[in-house]
Amino acid sequence: MKPDRITSTTCPFCGVGCQIQLNIKDEKIVRVTTDFDLAPNYGQLCVKGRFGTDFVHHPTRLTRPLMRKDILPGERIAKARKAHSLQEDYREVSWEQALEVVADKLAGIVQESGGDAIGAFCCAKATNEDNYLFQKLARSILKTNNVDHCARLCHAGSVAGLMRTIGSSAMSNSITEMEHLQTFIVTGSNTTFAHPVIALSLKKAVDRGANLIVIDPRHIELVDFATLWIQQRPGADVAVFQAIAHVIIEEGLFDKAYIGEHTEGFDDYAQSLESFTPTWAEEVSGVPADLIRQAARMYAQAESAALYWGMGISQSTHGADNASALVNLAMLCGNIGKYGGGLNPLRGQNNVQGCSDVGGLPNIYPGYQPVSDGKVRAKFEAAWGTRLNPDNGLTAVEMVHAAERGDIRAFYIMGEDPMTSEPHLKHARHSLENLDLIVVQDIFANETALYAHVILPAASFAEKAGTFTNTERRVQRVRPALSPPGVARPDMDIICDLAQRLETRLGVVTTPGWDYDGPEAVWQEIGQVAAEFRGITYKRIDKAGIQYPCYDEEHPGTLYLFEEGVPSGRGKFWQMDFKPPVERPDATYPFNLSTGRVLYHWHGGTMTRRSTLNEIAPEPEVEINPADAKTIPVVSGDLVRIASRRGEIVARAKVTDRSPIGTIFLPFHYVEAAANLLTLDELDPSAKIPDFKNTAVALQVAEEHNWELTLH
């Protein structure tokens with residue numbers, strides 16, 4: 001079938017940022033192709049990029065603004081509550097009506113309780129331009145730094161661990177280097193499922209002779225390509241990393257020149273490792289001491305070695321320590337600032353990197369400039385023409401707790417779904433029901449939208465322009481191939497319209513105003529306030545993206561970071577103790593639950609479960625080791641009730657040795673069997689991220705399920 005037109009754009013799923021071509025026929029996406037000459041994917045696509053974009057045509061797309069039927073002009077609205085359905089509880093209204101109500105209610109709360117009574121959720125699926133404007137609205141007009149997004153629930157541990165050691169949280173090296181690696185470690189990442197195109201490059205490296213060390217409790221696919229597999233007990237990551245470092249120091253395998261020139265605190269750090277012997281680590285982690293020694297030698301003796309990790313490292317109450325321990329290893333061996341080395345957290349969502357880059361976090365302005373720094377704040381006050389709040393804001397999980405206390409009265413949520421992604425969902429639901437106003441801006445009515453007072457219909461990635469930034473810092477174009485359905489609008493247009501109404505009500509005047517001439521003008525403003533993006537222009541990335549930092553239009557972009565040293569000046573060796581998971585299996589809850597992704601779905605499932613891919617993986621399945629399955633007893637296909645101290649769900653058993661004895665694995669894509677009804681909301685003290693990898697649960701045979709997937 002010959003398409004009517006082909007639009008080049010960027011994939012809306014994972015952080016790889018594959019370049020795709022949307023083939024349009026009769027105003028429908030009929031095929032997705034790709035360009036074999038363009039980084040980062042060079043003609044490769046995974047099943048989601050190839051077959052999952054048909055969600056944009058799903059009949060449940062939001063097409064008109066919706067408002068609860070009980071909201072009347074001039075009257076106080078009721079607290080949030082879960083709706084039975086959009087049809088029963090909401091009515092269609094005009095954009096004028098919807099935005100007037102939102103502006104009135106938000107402005108009223110600011111006037112009564114201050115800007116910090118509002119929580120603002122940015123979106124890792126929206127463009128850089130959308131997120132920049134969203135956080136600017138919150139900070140410059142509402143006067144709050146309560147700005148966060150789903151990075152808090154995926155890689156906040158990585159960000160905290162990297163920032164306190166080297167002063168940068170971005171992936172240091174590039175996807176194009178991967179197939180040329182000599183030695184590399186993959187830990188806490190089921191790369192073939194979460195980042196399939198990156199996994200292809202890593203497999204090519206092995207085919208070319210590279211040494212791969214996999215450190216993971218689960219028998220993920222990359223184990224079959226590994227030179228060494230270190231299968232630690234869940235939650236024992238720090239013990240293994242510290243023991244590897246112990247061996248490197250004990251055997252004199254560390255890079256003295258790099259340490260002397262680029263780091264600080266080595267002597268005290270080395271002394272702190274004395275008790276972290278491989279023998280001790282074997283007792284704690286279950287990994288044979290000799291295997292730890294082999295891994296240490298293989299990593300340290302390589303000319304260049306890279307570290308790759310995913311949410312298995314960061315989604316933990318010791319996630320920051322996990323990441324800092326990996327930084328320690330890289331600094332020990334001088335594997336920073338070189339081709340084929342580096343520190344590489346594999347970012348999850350398509351624009352989670354960009355959302356963080358442009359200020360979608362509570363403690364930083366765009367370009368990771370600290371909110372608490374008076375000089376930085378003065379710079380942004382001058383750029384935006386208004387006074388700014390000097391205090392760091394609350395994180396996503398903290399905002400939910402603040403809502404329960406009544407300290408936060410309203411949520412403005414763009415493209416996020418806290419009622420799927422937050423831990424301990426029963427508590428989160430109670431917190432949302434305490435809010436005076438919830439505004440949801442999205443392409444579908446997700447679980448959170450059913451608590452909203454006002455729902456604003458947004459354009460999808462295929463219906464708007466802007467940029468995404470992938471996991472390797474590559475800024476790439478997003479182009480509209482279709483018109484939005486109904487009267488849905490691009491997020492940028494909604495934000496700017498609302499901002500003008502709020503300024504009028506609150507008497508705030510910002511510069512340069514909110515009448516932008518398209519997303520390119522917004523990107524130019526981002527470059528004016530954050531120097532590392534200044535050299536990237538829409539014209540320069542018309543064909544291929546550029547990796548920041550890129551300081552002027554003559555700069556080619558940066559393939560890998562830290563060749564001249566780390567941003568903090570000297571990398572700081574971070575001392576730490578081993579801390580076991582907060583919640584461990586016991587006689588009542590004898591299994592450990594880990595959560596994550598499957599190949600055919602993405603994140604909360606809002607998009608992929610409305611795509612053709614849902615036909616392949618329509619039901620929630622829980623992985624159970626064969627030895628554990630016999631004790632329950634269940635076989636594949638049986639229903640299993642999974643209970644924790646916070647809730648219970650039912651899933652279908654998948655008996656497999658992929659998960660180790662004593663640990664089960666549950667995907668978090670299925671709202672009808674929401675994994676986060678089970679998880680706990682204890683937080684990493686530094687990163688404020690919960691632990692999604694260690695929850696104590698009990699299993700028993702279930703006679704029936706109560707799955708009711710209703711796509712609103």
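Predicted model: local features only at pLDDT ≥ 70, side-chain atom pairs only at ≥ 80, totals over all residues.
Let's start with β6, which covers residues 118-121. Ile118 and Ala120 point one way from this strand, while Gly119 and Phe121 point the other way.

β6 pairs with two strands. It runs parallel to β16 (residues 410-414), with 4 bridges joining them, and here glycine 119 sits opposite phenylalanine 411. β6 is also parallel to β7 (residues 147-148), this time through 2 bridges. On that side, phenylalanine 121 has aspartate 148 as its bridge partner.

Which residues of α16 are buried? They are Val376, Arg377, Phe380, Glu381 and Trp384. Looking down the axis of α16, these buried residues fall within an arc of 140°, so they line one face of the helix. Lys375 and Ala382, on the other side of α16, are exposed. The cover over the buried residues of α16 includes α4, β14 (364-365), β15 and α21.

Helix α21 (residues 519-529) has its own buried set: Pro519, Val522, Trp523, Glu525, Ile526, Gly527 and Val529. They pack against several elements, among them α4 (128-141), α16 (374-384) and α20 (491-506). Strands take part too, including β19 (466-469) and β20 (474-478).

In α20 you'll find leucine 502. Its relative accessible area is 0%, so leucine 502 is buried. Setting aside neighbours within four places in sequence, leucine 502 is in contact with Ala103, Leu106, Ala107, Leu137, Ile141 and Leu142.

**Salt bridges**

A search of the whole structure turns up 38 salt bridges. Here are three of them, with their N to O distances.

| aspartate 4 | lysine 25 | 3.4 Å |

The salt bridge between aspartate 4 and lysine 25 links distant parts of the chain: aspartate 4 is in the segment before β1 (5-10) and lysine 25 is in strand β2, 21 residues apart. Aspartate 4 counts as partly exposed because its relative accessibility is 44%. Lysine 25 is partly exposed as well, with a relative accessible area of 24%.

Is glutamate 463 buried or exposed? At 6% relative accessibility, glutamate 463 counts as buried. Arginine 61 is buried too, at 6% relative accessibility.

Glutamate 619 counts as partly exposed, at 32% relative accessibility.

Salt bridges also link up into a network, which takes in Glu96, Glu100, Asp104, Arg489, Asp497, Arg501 and Arg505.

Aspartate 628, in helix α22 (residues 626-631), is buried yet has no salt bridge. The nearest side chain of opposite charge is that of lysine 630, 11 Å away. What does aspartate 628 touch, leaving out residues up to four places away in sequence? The list is Phe591, Pro660, Ile661, Gly662 and Thr663.

Two cis peptide bonds are worth a look. One joins tyrosine 548 and proline 549, with omega at about 5°, and proline 549 is in the loop between β21 (546-547) and β22 (571-572). Another joins isoleucine 632 and proline 633, with omega at about -10°; proline 633 lies in the loop between α22 and β25 (639-643).

Positive phi shows up at aspartate 26, at about 55°, although this residue is not a glycine. Aspartate 26 is in the loop between β2 (19-25) and β3 (28-33), and at 59% relative accessibility it counts as exposed. Tyrosine 368, also not a glycine, has a positive phi of about 60° and is in the loop between β14 and β15.

Technical notes: Residues numbered from 1 in each chain as written. Heavy atoms only, no water. Buried < 20%, exposed > 50% of the residue type's maximum accessible area, 1.4 Å probe, protein only. Lys, Arg positive; Asp, Glu negative; His and termini not counted. Salt bridge = Lys/Arg side-chain N within 4 Å of Asp/Glu carboxyl O. Contact = heavy atoms within 4.5 Å. Pairing = 2+ DSSP bridges. Arc of directions from axis to C-beta.
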